[in-house]
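Subject: Structure for your study

Dear colleague,

Please find below the sequence and structure that I would like to hand over to you. My notes on what was found follow directly after them.

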Amino acid sequence: RGIVLASSPISKGLAFVAFLEKEPLNFEGFMDEANTAADAAIPPDLLIEAASHMLVGGWPQADDPRHDKYEIADWLCEKSETLAAVSWGQVLRIVRWFIAGNVQVLGKKENRIVPYPLSEDFEKQENARKFK
């Protein structure tokens with residue numbers, strides 16, 4: 001309703017382009033994934049809240065590993081009243097920020113997003129530390 005979706009001419013797969021038929025009042029544009037100013041504006045208390053939950057883990061796995069970040073965002077909103085009070089898009093931005101490796105909270109194991117202490121990178125670091 002009010003949004004027209006079209007496949008992206010640039011990439012295949014899950015990419016799409018959204019066009020607004022009419023911009024909502026006070027619309028300031030779409031936040032894209034490369035918006036580092038928006039990343040810098042993530043309040044530290046939200047990062048800490050999200051990290052405290054993600055380090056414990058327990059979110060459901062998506063059928064497709066590319067969708068794990070969406071499951072984590074949903075799970076965080078269910079686990080935390082603080083994160084549920086902000087937009088889902090902001091929670092997803094937080095998850096993406098941690099996936100990018102800015103802080104060792106999330107990692108990968110067998111192509112799935114896991115708490116960093118369960119990740120392949122953590123395991124490699126621990127093995128290197130032990131065999132120094």
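I begin with Val 114, which lies in strand E4, the stretch formed by residues 112-115. Please keep in mind from the outset that this is a predicted model. Val 114 has a relative accessibility of 13%, and because buried means under 20%, the residue counts as buried. Setting aside residues up to four places away in sequence, Val 114 touches Trp 59, Val 105, Leu 106, Gly 107, Lys 108, Lys 109 and Ser 119.

Glu 110 has a positive phi of about 50°, although it is not a glycine. For Asn 111, also a residue other than glycine, phi is positive and near 65°. As background, most residues other than glycine have a negative phi. Is Glu 110 buried or exposed? Its relative accessibility is 64%, so Glu 110 counts as exposed.

From this loop one can turn to Pro 65, which is found in the loop between H2 and H3. Leaving aside neighbours within four places in sequence, Pro 65 is in contact with Asn 111 and Arg 112. With a relative accessibility of 27%, Pro 65 counts as partly exposed.

Next comes Ile 72, whose place is in helix H3. Its relative accessibility is 0%, and Ile 72 therefore counts as buried. Which residues does Ile 72 touch, not counting those up to four places away in sequence? They are Met 54, Trp 59, Val 95 and Ile 113. Ile 113 is 41 residues from Ile 72 along the chain, and the C-alpha atoms of the pair are separated by 8.9 Å.

H2 and H3 pack at an angle of about 105°, and their axes are 11 Å apart. Angles of 65 to 115 degrees count as roughly perpendicular, and H2 and H3 are therefore roughly perpendicular to each other. On the H2 side the contact is made by Ala 50, His 53 and Met 54, and on the H3 side by Ile 72, Trp 75, Leu 76 and Lys 79. By type, the residues of this contact divide into five nonpolar, one polar and one charged.

I now come to the largest nonpolar core. In soluble globular proteins, nonpolar side chains tend to be buried together. The largest core here has 22 residues, and those touching the most other members are Met 54, Leu 76, Ile 94, Phe 98 and Leu 106. At least two residues of this core are supplied by each of helix H2 (44-54), helix H3 (68-79) and helix H5 (88-99). Which helix gives the largest share of this core? It is H5, with six residues. As for Ile 94, it touches Ile 42, Leu 46, Leu 47, Ala 50 and Leu 83, again not counting residues up to four places away in sequence.

For the protein as a whole, there are six helices and four strands. Read from the N terminus, the elements run β-β-α-α-α-α-α-β-β-α. The protein has 132 residues, of which 30% are buried. Among contacts with a separation of 6 or more, 41% are between residues 24 or more positions apart.

Finally, a word on confidence. The mean pLDDT of the protein is 82, and 71% of its residues reach 70 or more. Over residues 1-8, however, pLDDT stays under 50, and the model has 22 contacts beyond four places in sequence for this stretch. Where pLDDT is low, the predicted coordinates should not be read in detail. I would ask you to treat residues 1-8, where pLDDT stays under 50, with that caution.

With kind regards

Note on methods: Residues are numbered from 1 along each chain as its sequence is written. This is a predicted model: local features need pLDDT of at least 70, side-chain atom pairs count only at pLDDT 80 or more; totals for chains, interfaces and linings use all residues. Side-chain values use heavy atoms; hydrogens and water are left out. A nonpolar core is a set of buried Ala, Val, Leu, Ile, Met, Phe, Trp, Tyr and Cys residues joined through side-chain atoms within 4.5 Å. Buried means under 20% relative accessible area, exposed over 50%, partly exposed in between (1.4 Å probe, protein chains only). Contact means heavy atoms within 4.5 Å. Axes are lines fitted to C-alpha atoms, for helices over the stretch in contact, and angles run from 0 to 180 degrees between N-to-C directions. Angles under 35 degrees count as roughly parallel, over 145 as roughly antiparallel, 65 to 115 as roughly perpendicular and the rest as oblique. Ala, Val, Leu, Ile, Met, Phe, Trp, Tyr, Cys and Pro count as nonpolar, Asp, Glu, Lys and Arg as charged, and the others, Gly among them, as polar. pLDDT is the predictor's confidence in each residue, from 0 to 100.
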